[in-house]
Amino acid sequence: MAIPKQERLVSLVMCLLAARRYVTKEELRSSIESYRMCTSDEAFDRMFERDKDDVRELGFAIETGANDPLVESADGYRIRPEHNALPPVDLDPEEAAALALAAGAWQQSSLSGAATGALYKLKAAGVEIDTAPLTAVEPRVTARESAFGPLLEALRTRRPVQFTYRGSGAAEARQRVVEPWGMSCWRGRWYLVGWARDREEQRVFRLERVLDKPKPKILREPLRAPVPDNVDIRAQVARFAGEGGEGTARIRVRVGAGFPLRARATAVKQLDEAWDELELPYGHGLHNWIAEFGPDVVVVDPPELRTAVVRQLRAAAGLPVDAANEGTDV
Amino acid sequence: MSNALDDTRRLLSLVAYLRERPGARLEDVARAFGHDIDAIEADLGTLHMCGTSFMADDLLEPHVDSEGRVWLDNADAPVRPVRLAPHEALSLLVALRALAGLSGLRDRDREALGRVTAKLEDAAGEAAEVAAHVSVEFETEESSFATMDRAIAERRVLRLNYYVPRRDQVTERVVDPVRLLLVEGRPYLLAWCRTAEDRRLFRLDRVVAAELLDEASEPPTVAPFDPAEGLVQASPDDIEVVLELGPGGRWVREYYPYDALQELPDGGLRLTLRTPDPSVVRRLALRLGEHGRVVSPPELADEVRGTAEAALAAYATA
């Protein structure tokens, strides 16, 4: 019967922690049962390399070195307990409740194991974490995008990452190399901000649009572009998503209709029994949104917004929208 | 759903926990780890199998005595509470900062979030670094959020003026609030709607007004909301819609759950989806313009054309 992996990992960690000197790979191979059962050197090497990665992900720093100063090759391993201890954390009940609330946010995501693991460590250290709620809020953060793990790893290790990306409206996917500066989740979608090497400028990428295959690949080379001290990820992402207006639009909205437009309006005045006039920020994508409301909304100003909405509606009506029609009102 | 790495996290923390508390009661251990007693006993069984016999100090040999107390027989076992790994620190810090940024939160709660964030940053050390480059944004509608948070705390009924997009109308209803949920970055109120006599989710940015009533709320026990089931429930009465999208309409797949997807030679997509309400698709088609069209059902395609023509008429006479 195969020995469960968790048993092997716990044994490896315990052994390296208990060691008062460097333990060689061969010593580990002969003393941990799963390793003894490996039928080839290659199989053992593969298993051991993966296990070291896992042990690091659990938070341990594995030191490499040799016990004999005359031996140059550092083929021994150990984990020093004193370098891996959690400093004392003392929380009052409200703080503990806040922590439990935050950890719960990741329940449905690939970070749920990490969040739970962090709570286990704190509990082991004596922090009392009960589940008395802090507020009536129940946060949920998802990270369904398969690129989330690899891009986060690239960000953590400060390495460029190569992936295949299909931008919105792009007919074809292209390979990109990006130096990651930050990641942000906005309206439930994850974005990467970084330096796009091919464009030689700062760019925003939406993780959903990173293709699963080929898998994103972290490059073993340093970042080339200087990383700005402060990357305002939030502003970058909002701009990418078409938020924020530069001008002002005036539109007529039928009384009682178009609440979401009214919620954005900076000014509202009643024209007559049937129509109100609204002023609202005019930014990218406003014409698409206005078209949704059909005959209940009519654009007054500016003319280019009128033209864009008319074009949008003509397309939806199945009428030609070629260049000759641009700039004319129907 | 557990995997070997998550099991290892629990096993190692269990050793550290037991080392700090010799003779801990089995039920207390189970409660601390959010598991039942059987699961903890199974973990102790696994720990028995761990160790190398090579270092002597790394054998754990836990045992449970007749009074249900847990002992580690090897008191020299070296596992102490372990420092946080970068992903562990990240998960907590990013969520704490996102929560602290909620406008409409009570000051007391925000302060607690701030204090624990600072303590955790200290404890995590360099593991906290990557968290500085990752953020989650929650949008809040400040005034209604605070009113609802209070309504839930004080167990009071709310009167809502709520916008229904498919009718493009504001409706009035009385609800028994249950929880505030943050899903896909947006706040929702989970409540029992007395008007509909059913559990409902209200999106806060569609709440035109929320009024706290002097009436005790008594929501019937409602099933907890499971975000995995999605915000929109499928029903057998849903109608099937086929859309043809150009490259500029590919984003639709990211926002609307669909049943079938077919790539088209021009870089576009053919999507088949179901909706309880054709007006949702009508609005989507108007938003798409030249980047997509309804292929079927034909009545819906006609409705889109008709609505667009009616809207164009306003421009002809304007």
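## Domains of the two chains

Domain bounds in this report come from an automatic or database domain assignment. On that basis chain B is divided into domain 1 (4–72), domain 2 (86–133), domain 3 (142–229) and domain 4 (239–317), and the centres of domain 3 and domain 4 of chain B, taken over C-alpha atoms, are separated by 30 Å. For chain A the assignment gives domain 1 (5–83), domain 2 (89–142), domain 3 (151–240) and domain 4 (247–325), with 34 Å between the centres of domain 1 and domain 3 of chain A, again taken over C-alpha atoms.

The model is predicted, so that local features need pLDDT of at least 70 and side-chain atom pairs count only at pLDDT 80 or more, whereas totals for chains, interfaces and linings use all residues. Residues are numbered from 1 along each chain as its sequence is written, chains are lettered from A and ligands numbered from 1 in the order in which they are written, and side-chain values use heavy atoms, with hydrogens and water left out.

## The interface between chain B and chain A

Counting a contact as heavy atoms within 4.5 Å, 117 residues of chain B are in contact with 121 residues of chain A. The size of an interface is often given as the accessible area lost when the parts come together. Here chain B and chain A bury about 10,400 Å² between them, 63% of it on carbon and sulfur atoms; this buried area is the accessible area, found with a 1.4 Å probe, that the two parts lose on being put together, summed over both.

Across the interface of chain B and chain A there are 16 salt bridges, each defined as a side-chain nitrogen of Lys or Arg within 4 Å of a carboxyl oxygen of Asp or Glu. A salt bridge is formed by Glu138(A) with Arg179(B), where the closest N and O atoms are 2.8 Å apart. On the side of chain B that touches chain A, helix 1 (residues 4–20) of chain B gives the most, with 13 residues. By class, that side of chain B has 65 nonpolar, 16 polar and 36 charged residues, where Ala, Val, Leu, Ile, Met, Phe, Trp, Tyr, Cys and Pro count as nonpolar, Asp, Glu, Lys and Arg as charged, and the others, Gly among them, as polar.

## Residues in helices

Helices (H or I, at least four residues) and strands (E, at least two) are DSSP runs, numbered from the N terminus. Asp7(B) is found in helix 1 of chain B and is buried, with a relative accessible area of 10%; buried means under 20% relative accessible area, exposed over 50%, and partly exposed in between, using a 1.4 Å probe and protein chains only. The side chain of Asp7(B) makes a polar contact, at 3.3 Å, with the side chain of Gln6(A). Gly117(A), in helix 6 (residues 112–124) of chain A, is buried at a relative accessible area of 2% and, not counting residues up to four places away in sequence, touches Arg9(B) and Glu88(B).

Thr117(B) lies in helix 5 (residues 107–124) of chain B and counts as buried at 8% relative accessibility. Leaving aside neighbours within four places in sequence, Thr117(B) is in contact with Leu93(B), Leu96(B) and Arg97(B). Arg264(A), found in helix 9 (residues 259–264) of chain A, is partly exposed, with a relative accessible area of 42%; the C-alpha atoms of Arg264(A) and Leu280(A), 16 residues apart along the chain, are separated by 6.2 Å.

## Backbone features in loops

The peptide bond from Asp301(A) to Pro302(A) is cis, with omega near -10°, and Pro302(A) is placed in the loop between strand 13 (297–301) and helix 11 (303–316) of chain A. In chain B, a cis peptide bond joins Ser296(B) and Pro297(B), with omega about 0°, and Pro297(B) lies in the loop between strand 13 (292–296) and helix 9 (298–317).

Arg158(A), although not a glycine, has a positive phi of about 55°; Arg158(A) is in the loop between helix 7 (148–157) and strand 5 (161–165) of chain A and counts as partly exposed at 49% relative accessibility. Arg155(B), also not a glycine, has a positive phi of about 50°, sits in the loop between helix 6 (142–153) and strand 5 (156–164) of chain B, and is exposed, with a relative accessible area of 62%.

Note on methods
A polar contact is a pair of N or O atoms within 3.5 Å; within protein, one must be able to donate a hydrogen and the other to accept it, and residues adjacent in sequence count only if both atoms are side-chain atoms.
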